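Have the model open while you read.

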Amino acid sequence: MDEILTREILDDLAEIVAIKSVYSEPTDGAPYGTECLNALKWFVNKALSYGLKAELMDGYCAYAEAGSGDECIGILGHLDVVPAGNGWASDPFKMVEEDGKVYGRGVGDDKGAVVVCLHALRTLKKQGGLKRRVRLIVGADEERGSSCIRYYLSNGGEVPVMSFVPDSEFPVINSEKGIAHIILNFNDKKLAKNITAITGAECANAVPDKSTVSIAANSPLSKYLEKLCGGAVTSELFKLQPIARRIIESGNSFSDYEICNGKGIDITAVGTAEHASTPEKGDSALWKTLGFLAACNDSIESEYLPKIYEYLCCIDAAQKLGVYVDDPKSGKTTMCLSQAEMDGDTLKLLIDFRLPLGLTADCVAKKLEEKTGCTAVVRDYHENLYIPEDAPLITALLEVYRSLTGDMTQPLQVGGGTYARELPNAVAFGCTPLGIDINMHRADENFPVRQLFKNYEIYLAAAKKLANM
């Protein structure tokens, strides 16, 4: 790659990272909020400036295209990002180049891949000679469930004959677990009498790095805490029994909690964010909050808190619930308790499940009701994607990847969900080499600059091969 191209890729990435394309309230023409719309507009304007055909589709998605022919090859990426969260060393929406890496929200998921694929299309247009068109389709609601791509498909968007999605890992993903977001409703007047609010992660597909519970003034719980402390509630509370025992038994620290006294008492727990598909890598702040409440249940007298803590706030929760499956083709069940809120007298908890073949959302919801006594509602469910390893699309992408890297790793199975499951004959292909941690969905998200440029070569070659098959 020449120096001008590498600089243009980095400059374009810095521009799109600076657009804070986190979902916000819809407005006219902006179904996912103004910043997500701004990201799509940036993409269209940039593609047009590079001489590509490009179109914005009603603020939901956009595409850019190179080549000619009756059929097209699809490349699908997304420009929305998860909220920045806490703990960044620098501004998450101002890209920083340091120590061979770029830092910023979206550099790895998925703005970096979109930028290099856009430049690959620019090169394809210059080179010509393709039997099929190559269309780069970008959405702005991937992090919340991919409604953007469903809009594309239901509103006249052309369906590619085959597609790849640069939004996972290399070499290629032939199995994606099913994804179920299930809301548990606990009608609990005793809990509502004591707490006025509780929070978890900002989005459904993340381990919460912060969780706050607001305790009502003059409630049995607030009086209990004041009695423990001998007056005003201070941080010494966490060193007193039975709370200290719960903190220590859970492997947590007293410093994981802080207190703010006002009209009531706010207790905030901190942890480490992580993508919901790999919850074991995170440190759930919501588990800590619910553990604190469970430790105080003698004063709250909630029927549900002990069950919630036992069945939902532990590493082996899936086994305890009876929904753990380890399938050789599609992997293991994972679950991530991500969001919480009080709605009147009802505590609502949202769990992100990643389900192997043979396990359905309805089955999981039934088990949750049996074990916890809650009402479980499947909010949304995306079924598994599985394509055999010897399928032509898989073998073609593997051939390209192996020829450019020498890496002979076999196709992978993952818990993460991509746009691939929204289209026929589509698979995730990169953008991160296996074993590289880019802090996806966490603070200080980063991506190796050398790999960014390598991905340009891989995606350019892959698009050419599929377009001429």
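## The pocket

On a 1 Å grid over the protein atoms alone, a pocket is an open set of points with protein on both sides within 12 Å along at least five of seven lines, and lining residues have an atom within 4 Å of a point. Grid points are joined across faces, edges and corners, and a volume is the space filled by probe spheres (1.4 Å probe) set on those points. This is a predicted model, where local features need pLDDT of at least 70, side-chain atom pairs need 80 or more, and totals for chains, interfaces and linings use all residues. Residues are numbered from 1 along each chain as its sequence is written, and side-chain values use heavy atoms, without hydrogens or water.

The second largest pocket comes out at about 540 Å³. Its lining has 31 residues, with G200, A201, E202, C203 and P208 nearest the centre. Strands (DSSP runs of E, at least two residues) contribute too: β12 (206–207), β19 and β20 each give the lining at least two residues.

## The sheet

Two of those strands, β19 and β20, also sit in an open four-stranded sheet, ordered β19-β20-β10-β21 with antiparallel pairing (pairing takes at least two DSSP bridges). At the edges, β19 (334–343) and β21 (375–382) each pair on one side only.

Further in, β10 (178–187) and β20 (346–355) run antiparallel over 10 bridges.
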